[in-house]
Amino acid sequence: MRYHSFCGVFVTMTTRVFSGFRPTGRQHIGNYFGTIRNCLQLQEEYDCFYCVVDLHALTTLDNTVTLQEDIHNMVLDWLAAGIDPNKCVVFVQSHVPEVTELHMLLSMVTPLSWLLRVPTFKEKVRMHPQNVNYGLVGYPVLMTSDIALYKGEVVPVGEDQLPHLELAREIVRRFNSIFGEVFPEPQAKLTEFPMIIGLDGTEKMSKSADNYIEIGAAPEDIRKKIGIAFTDPARKYRGDPGHPEICNVFTLHKMFTSGRILEIERECRNAGIGCTDCKKMLAESVIEYFGPFRERRLELESRPEYVDEVVRDGARRASRIARETLSEVKAAMNLLP
Ligand code: TRP
């Protein structure tokens with residue numbers, strides 16, 4: 001239990017936040033602003049569990065060749081960004097195998113019809129009709145098990161995860177109504193930061209769209225990537241006036257060069273600067289912004305066992321709660337002699 005000063009009085013902070021993240025390797029700017037920064041804030045106020053959901057990743061992977069490397073790099077980025085294992089529990093889903101048992105038990109109270117109408121499931125079926133496996137249908141049940149196993153009360157999610165969370169609430173309610181109140185009903189906490197558009201200027205920044213900049217990228221790579229980013233689609237020649245309101249590079253400047261944003265806007269509109277200059281400036285701002293992060297990451301890289309220690313300790317702390325919850329669940333279901 002942790003304590004928190006509130007109006008000068010110490011109150012216990014027991015509200016539990018649970019969030020799961022698919023292991024996507026080195027994190028990019030979209031992950032940083034959409035997720036990591038949010039997690040940094042929450043760890044100051046809540047009892048947070050941050051979990052790398054490697055089992056969920058298996059529902060859509062063709063192979064697992066880079067899985068361990070992806071987990072390692074993702075956790076390393078989190079830690080370098082300031083996720084603090086003294087303030088929250090950082091762990092890997094499969095290291096606490098109780099979640100698979102709870103998944104099995106919760107699957108018994110989950111009507112198949114609920115799972116078949118989940119939008120992300122229907123989308124996956126449409127995109128990859130040859131790979132509709134049993135695990136994929138149960139994806140939201142596993143997600144519910146994550147949250148329920150640790151009695152998560154608040155779940156920070158992006159809008160795309162809302163249907164999953166609604167389903168989690170329904171499954172938990174159904175379980176509680178049949179077997180008695182074991183789980184709290186988890187509440188979604190929507191991430192407020194606007195979606196970050198990638199360097200192609202059209203799609204959400206992501207690894208799959210290959211339009212991203214890693215927050216730990218070397219300065220040279222950042223310059224190269226931003227150098228070929230799409231800018232104002234209506235500006236054809238260097239002498240044309242620009243339109244910052246439709247330029248994704250300008251949107252990125254608002255995040256990274258906020259101190260000079262009025263000047264950039266004016267110079268773009270009157271063609272005082274061209275897109276190439278504008279992108280060079282952005283690259284330098286991004287390099288500077290993530291400078292302390294890169295240094296911290298390098299420092300942590302020099303202790304290769306550090307990430308393993310953090311997730312091992314996280315699994316130990318998570319296991320204690322997992323075992324307790326699972327015993328409660330089994331008792332409620334009359335599975336104990
Ligand atoms: N489904 C989430 C995603 O695709 C990942 C996830 C798994 C999750 N378990 C969770 C998110 C529990 C929140 C809570 O991003």
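**Entry 1: the ligand shell**

I began with the ligand and listed the residues around it: F18, G20, R22, V53, H56, Y139, M143, D146, I147, V155 and Q161. I note at the outset that the model is predicted.

The side chain of Y139 places an N or O atom 2.8 Å from an oxygen atom of the ligand. For D146, I found a polar side-chain atom 2.8 Å from a ligand nitrogen atom. Q161 also faces a nitrogen atom of the ligand, with an N or O atom of its side chain at 2.9 Å.

I asked which elements give two or more residues to the shell, and found β3 (16-21) and α8 (139-149). The most comes from α8, which supplies four residues.

**Entry 2: Q93**

I turned to Q93, which I located in the loop between β5 (88-92) and α4 (98-107). Is Q93 buried or exposed? Its relative accessible area is 1%, so I recorded Q93 as buried, the cut-off being under 20%.

The side chain of Q93 reaches the backbone nitrogen of D54 at 3.4 Å. Beyond its neighbours within four places in sequence, I listed C51, V52, V53, D54, L55, H56, V99, L142 and D146 as contacts of Q93.

**Entry 3: the nonpolar cores**

In soluble globular proteins, nonpolar side chains tend to be buried together.

The largest core here contains 58 residues, and I noted I29, Y50, W78, F256 and F290 as those with the most contacts inside it. Helix α3 (residues 67-81) contributes the largest share of this core, namely nine residues. I also asked which domains the core draws on. At least three residues come from each of domain 1 (2-196 + 304-332) and domain 2 (219-289).

Setting aside residues up to four places away in sequence, W78 touches F21, Q27, I36, Y50, C51, V52, I83 and V90.

Finally, I recorded a second, separate core of 42 residues, which includes F91, V155, A168 and A318.

Notes: Residues numbered from 1 in each chain as written. Predicted model: local features only at pLDDT ≥ 70, side-chain atom pairs only at ≥ 80, totals over all residues. Heavy atoms only, no water. Core = buried A, V, L, I, M, F, W, Y, C linked by side-chain atoms within 4.5 Å. Buried < 20%, exposed > 50% of the residue type's maximum accessible area, 1.4 Å probe, protein only. Domains from an automatic or database assignment. Contact = heavy atoms within 4.5 Å. Near = heavy atom within 4 Å. Polar contact = N/O pair within 3.5 Å; in protein donor to acceptor, adjacent residues only side chain to side chain.
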